Amino acid sequence: MNRGNTLKSGRKEPERVILTMKKIFLIVLDGLGDRPNVELQGRTALQAAYRPNLNRLVKDGQCGIMHPVSPGYRTGSDTSHLSLLGYDPEKFYTGRGPFEAMGLGMTVLGGDVAFRANFGTVDTNGVVTDRRAGRITSGTDKLAEALSFSVDGVDFFVRAGVEHRAALVMRGKDLMDRITDSDPHEPGLRVQEVKPLDEKAKFTADVLNKYLALARKKLADHPLNAKRIKEGKEPANELLIRGAGQAPSLTPFSELYGMKAACISGIPMITGICRLIGMNSIAVEGATGRLDSDFRAKFEAAYRTLNDYDFLIMNIKATDVAGHDGDPIAKRDAIQRIDAAMKDIGKILQDTVVCVTGDHSTPCAMKDHSGDPLPILFNSSGIRKDRAKLFDEISCTYGTYNINSGDVMKVLLQLSDRAEKYGA
Ligand code: ZN
Ligand code: ZN
C-alpha cells in the first residue's frame, strides 16, 4: 500500500490502494436447494433454519440464484461439481464409471477406463442366475483384492462397494471406452463377451475378455466361494461389468486459473474429482460425509488451509443426505449446525472471497436431486452490496446474480481481482 508521498508544495498525494489478488473459499452445501415442506409450514429447510451467519454474509455482500449446469438440468454431484469448478460436463463427463470408482475411494487418472460392477452368480453354462450373488454382504473386499492384477501390460483394480456392488478400473496404454458390457442386465441370460464398438477399442475389449476369464477362474477357486457353497449360499463367481467410461484428461486447476488449490470433502467422489484436476486433498478428522460430521473441525481446517493455498473448495454432504432421507427437520438442523460452525468466517473476509452455494437441489419431498436453482452468496471486504438480506432460495432472487454453475468461477475470479481484462 502506498501511504502517499509529500509533494513539493507540502500537500500530500492522495493515498492509493494497490489492489492485491484475494484468496477464494468456495463452500458447497451438497443438495442445499429444497422445495416447500409441509413439516416446516411450507418453507424450505434453509428458510426454516436459524442462520444468522449466512444471513449476515448476504446482508453485507452479494447473492443471487444459480442453476446447476443450466436451467432445467437435474444433475448428479459429479457433473455439478465439474461445472462449478469451470469444467463443462457436457464436454468432459464420460459416464458414471470413473466417478463411481472415485466414489469408492479408488484412484482414477486421466485415460483410465472404469466400470460399475456387480458380484453375481453364474451356472456352469455361464448363465447368470443371480446378479447380486444372493445379496452378498461380506467378504467382497477379499474377492476384490484377488481380482486386482495385470494382464498384457494393463493394470486392473477392483474395489468392493456396498453389498454386491463394486468398481473396476483399467490402467494402461491405448485404452478406449467404446466397448459393450459383460453384464447381460437380466438373470437367465449368458454373460456377454465384451465387444469393441470402435476399431480403436479392439485392444481394450480383447485384454478385458482375457482378464474376465482369469477373474472367473480366481473367483471359482476362492475359499470364500467354497464356504458359501457349503453354507448353501449363492457363490459370487462372476464380476459383471457395465457402463465403461474413460476418465477425462483435464487441464489441472492450477494451470487453468493460476491458483494453488486444495479441497476438503468427506465424500470420496468429490475428493476424486478434485484430485483428477490436480488439487491437494486435506483430510479432516471427524469429517464423515454424513449428518454427524464435525462441521466446526472442517471450518477450522479450512482457515488453516487458506494460509497455504489460493483456492479452497469444501463440500459438506449432510444437507444432501437429509434430502435423500426425505427429512426436512434433519436438513434444517444440519444447516443450523453448519451456520453455527461458520461463526468465525468474518475473520478471513479481509483477504478472501467467500462463496456459499450448493451443487444442486435435493428436495426432501422428492428424496432425490431436482433441477431447481439454488441460492448463492459472495462476500469479501469492499464488496458491492445488493438488496437481499437473507440466505435462502426465495430471498436471493432479489440479489445481483442469475447465473449458471459454469459462471461461478468467472464471478469468483472477478471478485478476487484475478480476472483478466477482456479487450483494451
Ligand atoms: Zn451433490
Ligand atoms: Zn445426492
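How are the donor residues of the zinc ion (ligand 2) spaced in sequence? They follow the pattern D-x3-H-x44-H, and the rest of this report looks at the chain around that site and its neighbour.

## About the model

This is a predicted model, in which local features need pLDDT of at least 70, side-chain atom pairs count only at pLDDT 80 or more, and totals for chains, interfaces and linings use all residues. Residues are numbered from 1 along each chain as its sequence is written, chains are lettered from A and ligands numbered from 1 in the order in which they are written, and side-chain values use heavy atoms, with hydrogens and water left out.

## The chain as a whole

The chain has 14 helices and 14 strands (DSSP runs numbered from the N terminus: H or I of at least four residues for helices, E of at least two for strands). Its C-alpha trace spans about 95 × 55 × 35 Å along the principal axes.

Of the 424 residues, 53% are buried (under 20% relative accessible area, with a 1.4 Å probe and protein chains only). Take the contacts (heavy atoms within 4.5 Å) between residues at least 6 apart in sequence: 73% of them join residues at least 24 apart.

## The zinc ion (ligand 1)

Here the donors (N, O and S atoms within 2.8 Å of the metal, or 3.2 Å for Na, K and Ca; water is not among the atoms, so sites may look incomplete) come from Asp30 (OD), Ser77 (OG), Asp359 (OD) and His360 (NE2), at 1.9 to 2.1 Å. For comparison, the ideal angle for four tetrahedral donors is 109.5 degrees.

In sequence, the donor residues run D-x46-S-x281-D-H. Asp30, in the loop between strand 1 (23–29) and helix 1 (45–48), and Asp359, in the loop between strand 12 (352–357) and strand 13 (374–379), are 329 residues apart. Asp30 is buried at 0% relative accessible area, and Asp359 is buried at 1%.

## The zinc ion (ligand 2)

This ion lies 4.6 Å from the zinc ion (ligand 1). Two OD atoms of Asp320 coordinate it together with NE2 of His324 and NE2 of His369, at 2.0 to 2.6 Å. Angles of 54 to 146° among the four donor atoms leave the site irregular.

Asp320 is buried, with a relative accessible area of 2%, and His369 counts as buried at 11%.

How values were computed
Buried < 20%, exposed > 50% of the residue type's maximum accessible area, 1.4 Å probe, protein only. Tetrahedral: all angles 85-135°; square planar, octahedral: opposite > 155°, others 65-115°.
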